[in-house]
Amino acid sequence: MNVPSAQSSTRPGKIIAVHLSYASRADQRGRRPAHPSYFLKPSSSVAATGGVVERPSGTELLAFEGEIALVIGQPARRVSVDHAWDHVASVTAANDLGLYDLRANDKGSNVRSKGGDGFTPLGPQLIDARTVAPSALRVRAWVNGELAQNDTTAGLIFTLPQLVADLSQHFTLETGDVILTGTPAGSSVIVPGDVVEVEVDAPDSPGTPTSGRLVTTVVQGDHDFDARVGSLPAVDDTQRAEAWGSREAAGLPHQDSGVLTDELRAKLHSVPVAGLSGQLRKRGLNNVTIDRVQPLHPGTKIVGTAKTLRFVPNREDLFDSHGGGYNAQKRTFDAVGEGEIIVIEARGETGSGTLGDILALRAQAKGAAGIVTDGGVRDRDAVADIGIPVFTVGAHPAVLGRKHVPWDSDITIACGGTTVQPGDVIVGDSDGVIVIPPAMVVEVVDAATAQETQDGWVAEQVKAGHPVDGLFPPNAAWKAEYQTWLATQ
């Protein structure tokens with residue numbers, strides 16, 4: 001059975017799309033919603049399979065999103081999750097195309113960015129919803145023959161029946177309405193000449209029901225937008241990174257979180273924590289060390305900006321409300337940015353782990369620069385094998401609920417006896433971990449670098465047989481000698 005085009009009299013009355021629904025996509029974006037949220041697409045955006053879609057003149061960020069589309073059979077109003085699937089007649093493939101160049105003024109509603117003619121290809125075949133389980137569907141997308149997306153409804157944050165039931169709380173889902181159920185990770189930018197194919201199937205169902213391949217070819221449009229009428233296309237590096245899926249895929253340079261440039265990060269890697277500590281002390285900051293923590297890997301050096309997480313002492317009723325599900329701990333590890341260091345306040349409590357191998361693996365996958373906790377680590381050997389730098393007070397096999405409740409994140413915390421704020425610069429080596437206020441980091445690292453150079457010269461003089469008296473620290477005569485040497489370098 002073919003899916004009708006936008007020109008057909010049977011075009012859907014409503015097209016409702018979900019913003020974020022797959023865990024893989026949410027993790028890629030660094031945020032997991034607690035509840036589903038939606039936007040509407042015009043029925044005029046529907047296109048049949050085998051069609052083309054125009055990338056408008058003056059734009060660059062047209063992105064595809066392979067999705068499972070649900071076609072409503074029986075009207076649904078205030079239906080339960082248990083009965084929601086009874087109101088779905090068919091399942092098919094969809095490509096929820098979007099133009100990131102037009103998101104600025106309509107972000108959230110997506111009216112212009114997602115509503116263009118041909119921006120909702122559907123089909124080509126309908127799968128009878130009675131013949132498949134909503135929990136066992138698969139969606140795949142190919143670009144120019146290369147597999148780009150591959151996920152199943154087992155990876156959904158919100159089940160398909162839940163989406164139907166939730167929407168029916170707010171308005172009647174009518175016969176023929178279409179729900180676009182969200183896209184998994186792998187969505188990216190397509191350009192004129194690219195061919196996108198999307199297929200939905202049920203690999204575990206008898207006969208492997210399939211939608212067939214939904215094929216869309218991108219062509220270049222030649223009509224410009226009129227600034228006298230509305231907003232013009234506009235992009236920045238944030239939009240490019242989101243459209244392509246990452247800064248790397250968009251061809252953008254690495255961007256550290258917070259104040260750290262690549263040059264500054266390299267400088268911090270080159271000087272010891274002891275040298276940085278000395279410079280902070282000269283500037284009146286003595287309480288800037290995270291005490292008692294040691295690296296799992298001897299010789300480890302970490303440099304990054306702080307992303308904070310706070311545990312409070314376990315109280316059974318609070319653990320019931322805050323400890324399970326997608327708690328503050330999981331949210332923090334999912335949201336950590338490239339180059340950030342997760343710093344955990346555990347009150348110096350060593351009688352429980354504050355992370356284990358799964359969360360360490362997640363932090364590594366997100367590009368975190370390390371983890372610092374003044375609590376324990378579970379699965380110590382497995383965490384060490386993962387390789388992400390971890391500084392901790394020790395190992396402990398117990399889970400959070402024994403001593404901790406994961407409470408909140410991205411706030412000012414106390415870790416190892418010192419205050420840490422989000423965005424503080426964290427540097428650690430075998431001597432310990434230090435916290436540097438961002439406003440002081442350039443001054444401190446440059447001074448520490450200069451001091452290291454001088455200390456190295458002094459060490460050479462000691463090796464040559466000179467006594468340390470008057471040399472360490474250098475008196476006026478030795479300072480003059482040093483300046484003379486420095487001028488030749």
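Which backbone oxygen does the side chain of T92 reach? In this predicted model, where local features need pLDDT of at least 70, side-chain atom pairs count only at pLDDT 80 or more, while totals for chains, interfaces and linings use all residues. Residues are numbered from 1 along each chain as its sequence is written, and side-chain values use heavy atoms, with hydrogens and water left out.

**T92**

- The side chain of T92 reaches the backbone oxygen of Q125 at 2.7 Å.
- T92 belongs to strand β7, residues 88-95 (helices, H or I with at least four residues, and strands, E with at least two, are DSSP runs numbered from the N terminus).
- With a relative accessible area of 1%, T92 is buried (buried means under 20% relative accessible area, exposed over 50%, and partly exposed in between, with a 1.4 Å probe and protein chains only).

**Aromatic rings**

- The structure holds four aromatic pairs (rings of Phe, Tyr and Trp, the last by its six-membered ring, pair if their centres lie within 6.5 Å; planes under 30 degrees apart count as stacked, over 60 as edge-to-face and the rest as tilted).
- One of these pairs joins W457 and W485 and is tilted, at 6.5 Å centre to centre with 40 degrees between the planes.
- This pair links distant parts of the chain, 28 residues apart, with W457 in helix α12 (residues 441-463) and W485 in helix α13 (residues 476-487).
- W457 is buried at 6% relative accessible area, whereas W485 is partly exposed at 29%.
- W457, W478, Y482 and W485 form one aromatic cluster.

**Charge over a ring**

- The charged end of R213 sits over the ring of W142, 3.5 Å from its centre (the criterion is NZ of Lys or CZ of Arg within 6 Å of the ring centre and within 35 degrees of the ring normal).

Methods: A polar contact is a pair of N or O atoms within 3.5 Å; within protein, one must be able to donate a hydrogen and the other to accept it, and residues adjacent in sequence count only if both atoms are side-chain atoms.
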